[in-house]
Amino acid sequence: MVYITNLSDHVDEEVTLKGWVYNYRSSKNLYFVELRDGSGICQCVVAKDAVSDDAWEAAEALRQESSVEITGKVVEDERSIGGHELQVTDLNIFQVAEDYPITPKDHGVEFLMENRHLWLRSRRQWAAMRVRNEIIYAIHTFFQERGFVQMDAPIFTGNAAEGTTNLFETEYFEEEAYLTQSGQLYGEAMAMAHGLIYTFGPTFRAEKSKTRRHLTEFWMIEPEMAFYDLDMDMDLAEDFITFIVNRVLDRCPKELDILDRDTSKLCKTAEGGFPRISYSEAVEQLRSDEMAEMLDQMVEDRKQEAEELKEEREEIKKEHGQAKKWRKAQIDQRVKEIGMRLDEIEEDLRNIPTWRESALNFEWGEDFGGSDETLLTMKYDTPILVHRFPAEIKAFYMKRDPEDEKLALAVDMLAPEGYGEIIGGSEREEDLDTLKKRIDEHDLPEDVFQWYIDLRQYGSVPHSGFGLGLERTVAWLCGLDHVRETIPFPRMMGRLTP
Ligand code: 4AD
Ligand code: MG
């Protein structure tokens, strides 16, 4: 089989492509078919006098998403989508598609989500899934090259790893069971057997939050390392993200282009050197005059930008009446873009006062909200690492800071450009009695944790790890607004189909 992505190996040859009609138009004795085969898109030109009557009739019958087999000669054509064109000699139909619900016009996101099984075929969705695939490949490459062993944690569990408030309960024969929130506790047992391990699996959170960062089912990558302290944990997290970003920049330029991703900040991230600040410093930053000034400036900048955009819109609208057809289309496009940007600005102008309020009144001991995370990363181009959180707001298994008992040796990595937390990790409590005390303090049942407590009895060692949320990483690298477009079939509150 020849795939569109490999057409450069077949220039001037006759090949047969199999795929679906992405788009088509006709002019008299010509049909232009944009064929999509999963690997890419290629324009196929059907000339009436170059094909049999049957093939011409087949071309006339084509509809969007009809499945076809097209034979023709590959020619280089820089202007053509994908850089090649197929001069068609034969065309056979597998199936003529019914009227396809997703057309080039704008559809609302709810409609697209209802048709997710078809929406996956669209170009931007295609590009996002390719980036997701590259990230997954990069993750395995990174760990495998460093001697980590990939091991799987169970999905049915009897215990809660990350707090009891967002567990999905299920029945396990006669027993009560939960869907796992994290593979970490099992990861710790596996690290005591293999030293360096990582899990890569689905995790579940019954989160009743309908935000752009939350899924109820998401994929998490959790390395766990024996003999690592918090600093080593942070070094690894930074190297890991730097590696992934480099891979995606290197291997997905086409996809990032389809997604209109501005890669300037990702290029900064690719160089590493992420700032590290303590939770307490982060709180000071949120409450600072500098933060208030930055937000006030942001409001001014947004207002100014809106003025300029409105002026531009007036100007080009005046031009519209006398403009040529191609220019009219250009103007319409620009007016649409301006409208979208103005909506964004309006939303920012509505949000900023709330963000400002929340930041300036932030109290030490609280957990960061989405807007606090956005503000904290605002002055940086790369992700930042925030470490040493109040132990009160963190999980039972985290080791306390020997310098300050109120603090947990925890770290969160916050991605820039408003993406927020992508990694959560910590050094683990390795002392038997302290761990038992924590389980007790958190009101957790000791019996289901007995195996976990055991680990502290048989050669306990300092150890650390972290968890990366795959979908949040995909959203960030692709520049997507919402995690629903980062996984083939997202599961969120209120969404179980398709
Ligand atoms: O910070 P979290 O809850 O950490 C853990 O689960 C630890 N056991 C990890 C470890 O130390 N091994 O979750 C880790 C990451 C978050 O930073 C976020 O990227 C992602 O998982 N995440 C979610 N992604 C999508 N939807 C949700 N509801 C998520 N909850 C967490
Ligand atoms: Mg977290």
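Modeller: Helices (H or I, at least four residues) and strands (E, at least two) are DSSP runs, numbered from the N terminus. On that basis, Phe-173 sits in the loop that links strand E8 (169-172) to strand E9 (175-179). This is a predicted model: local features need pLDDT of at least 70, side-chain atom pairs count only at pLDDT 80 or more, and totals for chains, interfaces and linings use all residues. Residues are numbered from 1 along each chain as its sequence is written, chains are lettered from A and ligands numbered from 1 in the order in which they are written, and side-chain values use heavy atoms, with hydrogens and water left out.

Start with the nonpolar patch. Patches take residues with over 30% relative accessible area and no salt bridge; like charges are joined within 9 Å, and nonpolar side chains (Val, Leu, Ile, Met, Phe, Trp, Tyr) within 5 Å. A salt bridge is a side-chain nitrogen of Lys or Arg within 4 Å of a carboxyl oxygen of Asp or Glu. Areas come from the Shrake-Rupley method with a 1.4 Å probe; for residues, only the protein chains shown count as cover. Phe-173 has a relative accessible area of 66%, so it is exposed. The cut-offs are under 20% for buried, over 50% for exposed, and partly exposed in between (1.4 Å probe, protein chains only).

Now the charged patch. Glu-14, Asp-53, Asp-54, Glu-57, Glu-60 and Asp-90 form a surface patch of negative charge. Asp and Glu count as negative, Lys and Arg as positive; His and the chain ends are not counted. Each charge is placed at NZ of Lys, CZ of Arg, CG of Asp or CD of Glu. Helix H1 (residues 53-61) gives the largest share, four residues. Glu-14 belongs to strand E1 (residues 14-27). Its relative accessibility is 53%, so Glu-14 is exposed. Across the chain there are 59 positive and 101 negative side chains, and the centres of the two sets lie 6 Å apart.

Helix H12 (residues 370-377) is mostly covered, with seven of its eight residues buried. Among them are Leu-375 and Leu-376. Their cover includes helix H10 (289-320), helix H11 (325-360) and strand E15 (404-415).

Last, the whole chain. It holds 15 helices and 17 strands. Of its 498 residues, 50% count as buried. The accessible surface is about 24,800 Å², and 47% of that belongs to carbon and sulfur atoms.

Notes:
Contact = heavy atoms within 4.5 Å.
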